[in-house]
Amino acid sequence: MTATPALLLWDIDRTLVNIGPVSREIYAVAFQIVTGKPLGELADMTGRTERAILLDTLRLNGISDDEPMFNAYLRGAERRRPPA
């Protein structure tokens, strides 16, 4: 079996791409799906993994269970994917 080459970019200082408004939309959709409430505060995203951002966002909004939110975030991100 031959491995497929992959490229991973981690834009910790937002010099490569800035998707802030799109990320907030995805978090807002996921938060609404899971909690039934609109997203209040969104954690600082600069130089952080999605998991860390998600955990802090939940804490900022008084939510302790992160797994349903993480799954909803992934579904929200998939909805934002441009059509093929």
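**Briefing: glycine 40 and its helical setting**

Beyond its neighbours within four places in sequence, glycine 40 is in contact with Arg24 and Asn61. The model is predicted. The protein has three helices and zero strands. Glycine 40 sits in the loop that links helix H1 (20–35) to helix H2 (50–60).

**Glycine 40**
- Glycine 40 has a relative accessibility of 44%.
- The C-alpha atom of glycine 40 lies 8.2 Å from that of leucine 60. Along the chain, glycine 40 and leucine 60 are 20 residues apart.

**Fold and contacts**
- Read from the N terminus, the order of elements is α-α-α.
- Take the contacts in the protein with a separation of 6 or more: 44% of them join residues 24 or more positions apart.

**Nonpolar core**
- The largest nonpolar core holds 13 residues. Tyr27, Leu54, Met69 and Tyr73 have the most contacts inside this core.
- H1, H2 and helix H3 (67–80) each supply at least two residues of this core.
- H1 gives the largest share of the core, with four residues.

**Burial and surface**
- The protein has 84 residues, and 24% of them are buried.
- The accessible surface of the protein is about 6100 Å². Carbon and sulfur atoms account for 58% of that surface.

Definitions and conventions: Residues are numbered from 1 along each chain as its sequence is written. This is a predicted model: local features need pLDDT of at least 70, side-chain atom pairs count only at pLDDT 80 or more; totals for chains, interfaces and linings use all residues. Side-chain values use heavy atoms; hydrogens and water are left out. Buried means under 20% relative accessible area, exposed over 50%, partly exposed in between (1.4 Å probe, protein chains only). Contact means heavy atoms within 4.5 Å. Accessible areas come from the Shrake-Rupley method with a 1.4 Å probe; for residues, only the protein chains shown count as cover. A nonpolar core is a set of buried Ala, Val, Leu, Ile, Met, Phe, Trp, Tyr and Cys residues joined through side-chain atoms within 4.5 Å.
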